[in-house]
Amino acid sequence: MNMVQQTIVDPSKKNKRRKSYLKSSEVGLFSRLFFGVVLTLFSVLSIMPLVWLALSSFKTTQEFQMNRLGLPVNWFFKNYVFAWEIGNMGTLVLNSVFYTTISTIAVVLFSMTAAFAFAKIKSKATPFLYGSFVIGILLTVQSIMVPLFLMANLVDLLDTRLGVLIPYIGLGLPIGVYLCTEYVKSIHDSIIESARIDGAGYFKIFGRIVFPMAKPVISTLSILNVLSVWNEFMLINIIVSRESLKSLPVGIMKFSSALTSDYGKQFAALVIGLLPLLLFYLAFRNKITEGVSAGAVKG
Amino acid sequence: MKMLRTRKEERRAYLLLVLPAVLLYFAVVAFPMVFSIWMSVSDYSGGQIFGGSTPVKLIGFSNYSRMWNDKYFWISLKNNVFIVLISVFGQIPLGFVLAYAINRGRVRAKGFYQTIIYLPCVISSVIVGILWQTIFSPYGPVTELMQRSIPGWENNLLSNPRTAIIPVLLVMLWMYTGTYFIIFLANLQKIDQQVLEAARIDGATEGQTLRYVILPALSGVIVTSAILAISGSLKSFDLIYAMTGGNPARRTSVLALYMYDTAFRGAPNYPLANAVSTFMMAFSFLLIIITKLVEKRFGGREE
């Protein structure tokens, strides 16, 4: 489409450099228009379902059945009150914050210490150990789910916070160790050697030099881990059955299957469910998109 | 003497530094992995593994042949293949087009578009699944919109077993395109602007620049995206679990859901479930190797 228009506008295709330079600026106008339309269209498609959800969450279920597309006639805020209370949303949000924070801190800390050893201390064990972490990146949760369930049952960790946290930390380590090791490798040996000569021990070097220098990779890793742990559903769904330990996605799932035809409350619950991560995203959107593309390409 | 002491200190530090990660990783990831493969060739049916009243026996590949003869396995595998295809030939190209549009078009409000297009990716897939299930349901807005143009239109999008996977695939396109958009955008911005300018001054058309400058520069990213798409597609569970539960009549099941049903719904069959998950790993590796081989072929031709 674009190409056709371009030849119609400027048929003198073979002409000299100055002409083609001119042409490129003309194409600029058309492509700008064309690309603008494509982008706008897709953006509208991306956001429409969410806008519809937000609007519908302010309708009573009766109103929703009469008016499925329009704005709410009477803005009904009580859906949120009901959803928050019936769904125990306060507990769910706190649980999700707890699982996400603790596992992210642990993944970052353990990945960084291992990365420092792998990258800067010579050992014959490194190729085997580091290699097994790297293989783990391609692993799927499914292939360890049944064993994890049986093991948790064996050591009485089913239905406990620890039973959720330990697998979450373990599953976050492969990509964490990989990203951190590759990063720490880029820190100059001479910095560490001179600290050694000054008499600093390895733990001091780690705390004072390596960890602070690795801030970019730590932020990437934290973001990747927060997104994946917050949204994790399959594993926590089998480990936990007690209401008071459920995470937000598990709680929302249960809430919505219990109240399938009570649309007003269901929509309010969905909005409550997506709001925390949405705010996190809007607050750190540049860091998040950077982190995702860095993590993806290296992974 | 001093040498010796530093060596010793070095070893001790190494051990302490790697210990937490290694212990956790081997306990929670590496060992279960091996355990799972072992279970897939055994007749373990719950209870004690050692010293139980009926000892666990290794029975070879009969769990795999049972899986192979189950029609639900094939339905699930077929759906997984559809998901791989929509990711590789839907999400990735669309993500690229959008990234190219934003980068080449010198669009104003770049950040605004970027924020909106990536937004669906940060929502829990469970929530996305419930939301879209309502949107496509007979009581949802899709029905209303369709009935306005075709009066009396009957909505069987999610209830017709033969086509129910199509809405699911559309939602996947909606949700995950943003990821590839972000990846391509980041890498398009890394391409040297002077090279592009030079190509344009030399009279290269938009299409030529794309074909001979931009795409070759991105070939590595395309392959990584494909690998990401393949392994992500085989993992997919949450979205389908929330949106259709694998129904109607288990026609929208995927391997992960089939495995979950086998292990955690009704009478558990752990060996069969582990045969499925082991197959998923092997299948994922196979597809990734094929992708790498394709890359080698085409990478060679392009130079």
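**The interface and aromatic pairs of chains A and B**

Colleague: How many salt bridges does the rule find across the interface of chain B and chain A?

Modeller: This is a predicted model, in which local features need pLDDT of at least 70 and side-chain atom pairs count only at pLDDT 80 or more, whereas totals for chains, interfaces and linings use all residues. Residues are numbered from 1 along each chain as its sequence is written, chains are lettered from A and ligands numbered from 1 in the order written, and side-chain values use heavy atoms, without hydrogens or water. A salt bridge requires a side-chain nitrogen of Lys or Arg within 4 Å of a carboxyl oxygen of Asp or Glu. Across the interface of chain B and chain A, the number found is 2.

Colleague: Which residue of chain A meets B:Glu144 in a salt bridge?

Modeller: The two side chains come together with an N to O distance of 3.2 Å. The partner of B:Glu144 is A:Arg68.

Colleague: Which helix supplies the largest share of the side of chain B that touches chain A?

Modeller: Helices are DSSP runs (H or I, at least four residues) numbered from the N terminus. The largest share amounts to 23 residues, from residues 2–40 of chain B. That helix is H1.

Colleague: What area do chain B and chain A bury between them?

Modeller: Contact (heavy atoms within 4.5 Å) involves 94 residues of chain B and 95 residues of chain A. Buried area is the accessible area (1.4 Å probe) lost on putting the two parts together, summed over both. Carbon and sulfur atoms carry 77% of it. The area buried is about 8,500 Å².

Colleague: Why is the pair of A:Phe118 and A:Tyr130 classed as it is?

Modeller: Rings of Phe, Tyr and Trp (its six-membered ring) pair if their centres lie within 6.5 Å; planes under 30 degrees apart count as stacked, over 60 as edge-to-face and the rest as tilted. A:Phe118 lies in helix H5 and A:Tyr130 in helix H6 of chain A, 12 residues apart. Their ring centres are 5.7 Å apart and their planes stand at 50°, so the pair is tilted.

Colleague: Is A:Phe118 buried or exposed?

Modeller: Buried means under 20% relative accessible area and exposed over 50%, with partly exposed in between (1.4 Å probe, protein chains only). The relative accessibility of A:Phe118 is 7%, and this residue therefore counts as buried.

Colleague: What class does the pair of B:Tyr44 and B:Tyr270 fall into?

Modeller: B:Tyr44 has a relative accessible area of 5%, and B:Tyr270 has one of 10%. These residues are 226 residues apart in chain B. Because the centres are 6.5 Å apart and the planes at 25°, the pair is stacked.

Notes. Helices (H or I, at least four residues) and strands (E, at least two) are DSSP runs, numbered from the N terminus.
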